[in-house]
Amino acid sequence: MLDKEDLQAIKKLIDASLGVSEERTDVKLAAMEERTDVKLTTMEQRTDAKLTTMEQRTDAKLTTMEQRIITEVTQSTLVMMEQYFQPRFDLLAENQKLILQKLDGKVDKEDCQNSMSVVAAAVRAHSRDIEELKAQ
């Protein structure tokens, strides 16, 4: 059988072996942790790059859509305004034309009235002259 000293020697060997094993495990774990950190950092950078690219493409698409919507709304508004206002403008133009025609007629009528007044004044003057000549 083993005596106390043998057991202590075995214990020291096992403790030394465990210590070396723990150190190797710690080194391996540290290396694994470092590799994992590197991989995670790399993945994070790639993910950030992909997200930035996606964000830029999304912004570009949104800007294009916004411009297209503005163009369509502007065109629709112009068409609606033309459909709404053009008939009214046409009616206004027709009414203005009629008013101008009536005014032209009134101007001629006024000219005639003025001319008639002149003729009437001349007839009265001639009538007086005739009466004066008869009276002599």
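These legends describe close-up views of a predicted model.

**View 1. Tyr84, Phe85 and Phe89 form a ring cluster.**
Ring pairs link the three residues. The structure holds 2 aromatic pairs. Tyr84 and Phe85 make an edge-to-face pair.

**View 2. Phe85 and Phe89 make a stacked pair.**
The ring centres of Phe85 and Phe89 lie 6.1 Å apart. Their planes are at 25 degrees, so the pair counts as stacked. Both residues belong to helix α1, which covers residues 4-135. Phe85 and Phe89 are 4 residues apart, so about one helical turn separates them.

**View 3. Arg88 lies over the face of Tyr84.**
Arg88 is 3.9 Å from the centre of the Tyr84 ring. How accessible is Tyr84? Its relative accessibility is 44%, so Tyr84 counts as partly exposed. Phe85 is also partly exposed, with a relative accessible area of 34%.

**View 4. Asp15 and Lys11 form a salt bridge.**
Side chains of opposite charge can pair when their charged atoms come close. Here the closest N and O atoms of Asp15 and Lys11 are 3.9 Å apart. The cut-off for a salt bridge is 4 Å, so this pair qualifies. The count for the structure is 1 salt bridge. Asp15 and Lys11 both lie in helix α1. They are 4 residues apart, about one turn of the helix.

Key: Residues numbered from 1 in each chain as written. Predicted model: local features only at pLDDT ≥ 70, side-chain atom pairs only at ≥ 80, totals over all residues. Heavy atoms only, no water. Phe/Tyr/Trp six-rings, centres within 6.5 Å; stacked < 30°, edge-to-face > 60°. Buried < 20%, exposed > 50% of the residue type's maximum accessible area, 1.4 Å probe, protein only. Helix = DSSP H or I, 4+ residues; strand = E, 2+ residues; numbered from the N terminus. Lys NZ or Arg CZ within 6 Å of the ring centre and 35° of its normal. Salt bridge = Lys/Arg side-chain N within 4 Å of Asp/Glu carboxyl O.
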